[in-house]
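Biologist: Before we discuss this model, could you set out the terms you rely on, and then let me ask what stands behind each of them?

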Protein chains: 2
Amino acid sequence: MSSVYTRPLARLIEQLQRLPGIGPKTAQRLALHLIKRPEADIQALAQALLEAKQQVGLCSVCFHLSAEPVCEICASPQRDNHTICVVADSRDVIAIEKTREYHGKYHVLGGLISPLEGITPEHLHIQPLIQRASQPQVEEVILAINPSIEGETTTLYVGQLLRPFVKVTRIAFGLPVGGDLDYADEMTLARALAGRREIEWQ
Amino acid sequence: MSSVYTRPLARLIEQLQRLPGIGPKTAQRLALHLIKRPEADIQALAQALLEAKQQVGLCSVCFHLSAEPVCEICASPQRDNHTICVVADSRDVIAIEKTREYHGKYHVLGGLISPLEGITPEHLHIQPLIQRASQPQVEEVILAINPSIEGETTTLYVGQLLRPFVKVTRIAFGLPVGGDLDYADEMTLARALAGRREIEWQ
């Protein structure tokens, strides 16, 4: 016997195992759970999968994930259009939105410059960013990109291109809130020192 | 804005979150991964889900999960039909099959007796087991049921019913292979002592 699972179950487990972070044990647990659920639930999950894939594309302005040609954030008159926050991925937009602290617009690059992986600036949405950033109402571009090697390269590359048109800033790196000096790695500590600011006395 | 996700993405995340062991973070990660995959992959996953649900039922003999009316194990002439191994769930059949040490047949009860949860013997596949076990070719019924309170109750109940027809055994409980006496809990150690066997000198 090649498999201990009946064929359709084996196929489902194989499909689930392709998901990131899902190993054979978890795939089996999920599959056995799923086939015990009512058929309507399974239909709903299959439907949600197909609809998400078919309906979600990229916003034509900022390249964030969107079911409409222009995403909710770009289309919203409540959002401040003087500021553009540049991120690598839609995931980062979601993370920043969850803070509820930022009310400007976004621009999703779609990755980071990585010569090793063959990702050059032409693969990223950099040209449309330059066009957006050179519009008169834009006052500041915030680069919110991870402090990795690829992130630094991308930040410097994009920053240089934008400098002629607009004020360019980047997010702060340092000790995380709740973090402990004693446990912080040297890179983080070095960044925290370099990024020190004068205390604003009230 | 009610959600930071575009609607079809929010629906997919909501569906994924209903799976056991999948929290909001994992659901988001899976959803963002899935919508980046080629549409054919998503179709294959949706298809596998629906087919597994529609095609997999229970074997009419042993109640193991099966896409056929009679499962591969029950239908196989290679399997020893003198022995029936009784388990609570199809998961247990899969676990035992993976050892490749057992070559008899199975019987899946479909749960354990649990008065607290309202599960009485009538809810389990006990009557068909008695019919199977009283067939002349059956020589031994092995009860392979977890050593929990419900498991003990079920083992004793089923064991009493089968005793008149057939030899009834149960799997051994004791120190797991690689386990450490010093770290074993008292129940396990008590079981290991009670289950001691004379050494078989070669």
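Modeller: Helices (H or I, at least four residues) and strands (E, at least two) are DSSP runs, numbered from the N terminus. This is a predicted model, in which local features need pLDDT of at least 70 and side-chain atom pairs count only at pLDDT 80 or more, while totals for chains, interfaces and linings use all residues. Residues are numbered from 1 along each chain as its sequence is written, chains are lettered from A and ligands numbered from 1 in the order in which they are written, and side-chain values use heavy atoms, without hydrogens and water.

Biologist: What makes up residues 82–176 of chain A?

Modeller: UniProt places "domain: Toprim" there, an annotation that may be inferred rather than shown by experiment; the span is 34% helix and 18% strand, and its end C-alpha atoms lie 28 Å apart.

Biologist: What makes the contact of α6(A) with α7(A) nonpolar, polar or charged?

Modeller: Contact means heavy atoms within 4.5 Å. The axes of α6 (residues 126–133) and α7 (residues 149–162) of chain A come within 10 Å and cross at roughly 35°, where axes are lines fitted to C-alpha atoms, for helices over the stretch in contact, and angles run from 0 to 180 degrees between N-to-C directions. A:Ile126, A:Leu129, A:Ile130 and A:Ala133 of α6(A) meet A:Tyr157, A:Val158, A:Leu161 and A:Leu162 of α7(A). Ala, Val, Leu, Ile, Met, Phe, Trp, Tyr, Cys and Pro count as nonpolar, and the contact has 8 nonpolar, no polar and no charged residues.
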